[in-house]
Amino acid sequence: MSGFDILFFVFAGFALVSAMGVVVSPNPVYSALSLVLTLFSVAGLFLLLQAEFLAVVQVLTYAGAILVLFVFIIMLLNLSDFELMEVRMGNLGKALLTLAAVVAFITLAFVVHLTRITGDPAVEGFGDISTLGREIFTHYVIPFEIAGVLLTVSLIGAVMLAKKNLTKE
Amino acid sequence: MTPQLGQYFPLLIIMLMALVFSGLFIFLAFAFGPKNPDPNKLDVYECGVPATGDARHRFSVKFFIVAMIFLLFDVEVVFLFPWAILLKSFKSQGMGWEIFWPMAVFLGMLAVGLFYEWKRGALDWEK
Amino acid sequence: MEQLAITIHENYLWGAPLWAVNLIVMFGASAVVLMLFVAPFAGITSFVERRIAARIQDRIGPNRVGPQGILQFLADGIKSLMKEDLIPTDADKPLFILAPYLVFLGMFTTFVAIPFSSKLIVSDLNVGLLFIFATSAITAVGLVMAGWGSGSKWSMLGGMRAAAQIISYEIPTGLAALCVILLAGSLSLQTIIAGQGAYPWQWYLFNNPFNPLAFFILLASLVAEGNRAPFDLPEAESELVSGYNTEYSGMRFLFIFFAEWANLYIIGALVTVLFLGGWQIPVGVSEWAGGVASWFPQVLQFLTFFLKVLVFVFLIIQLRWTLPRVRMDQLMEICWKYLVPVAFVCVMGVALWMIIWPEGLPWMTYLLTAVAGLIVAYYCYRVIWQLRNTKATLEFNPFV
C-alpha cells in the first residue's frame, strides 16, 4: 500500500464518518460542523485526484456556505429546546423510510458499480486551472452563460422570498 | 507521488505541527494552572449579575439575505479565477476579445441581479 | 539535516522509506522555523501595537519588562500559561475546546504559501492565492464556533457578526485580487512577484488606473476580514465586552489573539505580494550581493519584503487607534454598495486595459507613481509632525 492509498483511506474514512455525523447528530449545529469536515475531506480526495483548483474552491466556498447554514440554524431553530429535533413518526413511517433508504443505497451502489473508474484524468492536465478554464471558455461557453442566468435567477429569487416574508410581518 | 501532489505534502506536516504546538501549550496551561472551579466563576459573563436565560435562543438575524447573496457571488467569483488566469495567454495569442465577451455577458447578467437587489432594498440593513 | 534524516530512518519509524523520512524532517524543520518566526512576530507586534496606541493617546504604554518593555509579550505569555483553564458550564464543551485550534490552524497553514524571498517559501502552490483565501475561511469557521460554543450572549452576537462580516468581505477581497491575477496570469505568489520589478513603477499597483483602486479595496476588505478596527464589530469592546472571545481565558484566549496578530503579517504580505513587488530588489544590487555570498541576495530580498510588510502592519495599527468603529449597517453597506460594485468595475477595467494596451501606458504608470509618491510624502510629514508635537515626555523618541 503506497502513501497515496493511505491518504485516500484517511480522507475517505473522515468523509464517511463525518457524513454519518451529519445525519445522526441530534444537534443541528453539530450536523453543520460535521458537514464542514465531510466537505474538507472530499477536498482532500480532489487533491489526490490532482484537481487542486477544485479542492481549494471546495474549501473556500463551502467554508462560507457552512457559515451561512450556521446563521440559518440559529435563526430558524430554537436550540434550547432539543425535542424539536426528534422525529415524531409512527412505526409504519419509519419502516417506509428505511425501505426507501435501502432502495436508494442499492441503486447508488449499482450505478457506482456500472461506472468504469480508470483514475486517469478526463482531459490531459485536467486539474490545472488554465486547462479547466480553457475548456469552460471555449467548448463550454453556452453552459457557462446558462450558469450565469441561473445565478441571476437565484439572486432575484432570494430577494423575492426574503422580501415577501418581511412584508407579511 | 506526483510532483503536483508533492506541493501539498508540507501542508499536511505543517497542519500537524500547528496542532501539536497549540495542543502542547494548551496542555501546559492546563497542567501548570491552578484548578479551583467555582459555580460563580464558571458561569457565563453577563457584566457581573447572574446570567439570565440561555444564549442559544432563536434570534433575528438581519443579514440572512446578505448571506444568500454571498453564496451566489462566491460561486461567481470562482468562475472569475480561471478566466483571469487565462486572459493573459489568450491576449498574447490575439484572442483577447474572444475570452472577454463571455465574461462580460456573464457579469452583465449578475450586475442586473445586483442592481435589482439594490432597488428592492435587499442590501439595506433591516430596521 | 540529511544526516538527521538518515539517523531517524535507520533507528526509528519502522522502516519508512528514506525519501519520506527526508521530507518529514525537512518540512518538520521548516514548520519549527516558521513557528520561531511567527510567534515572536505576533508577540512583538502586540507590544508595538500597545506602544503605538499609547503614543497616539498621549500615554506611555508598557515599558517595564525588558528594555523599553519589549519583553512584555513574554511576560504575558507566561502569565497566560499560569492561568486557570476555564470552561464555562454553559459552554458547548467540544466546540469551545476545538475553536482556538481551528483559528490557529487556519492562520498558521496560510504561511505555507507565503513567500519570504525568491527561494525562502515552504511550498509555492499553483493555487497559492486561492489557498490563502481558503485558509482564512477556516479561521472564520473557528471564530463562529467560538462564538456559539461559549454559550454567552456576548459571544453569540460576536460570532454572528463575525460570520456576516467575514463572508461579506470575502467577495471584494477576491475581486480586488483578480485585478492582479489578470496581469500576472497565475495564482502562484512567486509568479505574481516575478511579474513585477523592484522599482515602484514596475509594481502592479501603478500598472493602470484601476489597480490603485483595487489596492484600497483589498486593504480595506482584508482589514475587515481580520476583524480589525475600524471594522472590529465582532469584538467591539464598548458594546459586546469582547465578542466571540468573551468567555475565553488563559492559553485559549492567547491562541485566538495570537492568530489575530499573526494575521497582520498575512495582510501585509498579501498586499505586498500582489501590488508592491514582493521581495524584488534591483538587478544591480542583486548581482552585487550575489558576488559577496550566494545567500546574501536572499537576505536582502527577505529584508525588503519584511520592511514592506512592516509598513502595512504599522498602517493597520494606526488605523485601529485613529478611526472610530463603523456601525453594522454601515459595514454591510460599505461592502455591498461600494466595494463590490467598484471592484467589479476594476476587474473589467483591468481586462479591457490589458486588451487595448497590451504593453501598458508608460506615462500613466509614471503619473500614478508620482501621485502616490506625493501622498506617501505628505503622510510621512504628518506622522512626524504629530510625533514632534505630542506632549508626553518619553524615554524614547527618534524625532525629538
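## Two helices crossing

Is the crossing in which α6(C) passes α8(C) left-handed or right-handed? α6(C) passes α8(C) in a left-handed crossing; a crossing is left-handed if the near helix is turned anticlockwise from the far one by less than a right angle, and right-handed if clockwise. This is a predicted model, in which local features need pLDDT of at least 70, side-chain atom pairs count only at pLDDT 80 or more, and totals for chains, interfaces and linings use all residues. Residues are numbered from 1 along each chain as its sequence is written, while chains are lettered from A and ligands numbered from 1 in the order in which they are written.

Helices here are DSSP runs (H or I, at least four residues), numbered from the N terminus. The axes of α6(C) and α8(C) come within 8 Å and cross at roughly 155°; axes are lines fitted to C-alpha atoms over the stretch in contact, with angles from 0 to 180 degrees between N-to-C directions. That makes α6(C) roughly antiparallel to α8(C), a term for angles over 145 degrees. Among the residues that meet are Tyr169(C) and Ala176(C) in α6(C), and Ala214(C) and Leu218(C) in α8(C).

## The nonpolar core

Now let's look inside. The largest nonpolar core has 201 residues. Such a core is a set of buried Ala, Val, Leu, Ile, Met, Phe, Trp, Tyr and Cys residues joined through C-beta atoms within 7 Å (buried: 20 or more other C-beta atoms within 10 Å of a residue's own, with C-beta atoms placed from the backbone). Helix α6 (residues 153-184) of chain C gives the largest share of this core, 21 residues.

Val141(C) is among the residues with the most contacts inside the core. Leaving aside neighbours within four places in sequence, Val141(C) is in contact (C-beta atoms within 7 Å) with residues including Ala63(A), Leu67(A) and Leu102(C).

## Where chains B and C touch

In all, 55 residues of chain B are in contact with 68 residues of chain C. On the chain B side, α2(B) gives the most, with 17 residues. That side divides into 41 nonpolar, six polar and eight charged residues.

Conventions:
A residue is buried if 20 or more other C-beta atoms lie within 10 Å of its own, exposed if 12 or fewer, and partly exposed in between; C-beta atoms are placed from the backbone. Two residues are in contact if their C-beta atoms, placed from the backbone, lie within 7 Å. Ala, Val, Leu, Ile, Met, Phe, Trp, Tyr, Cys and Pro count as nonpolar, Asp, Glu, Lys and Arg as charged, and the others, Gly among them, as polar. Angles under 35 degrees count as roughly parallel, over 145 as roughly antiparallel, 65 to 115 as roughly perpendicular and the rest as oblique.
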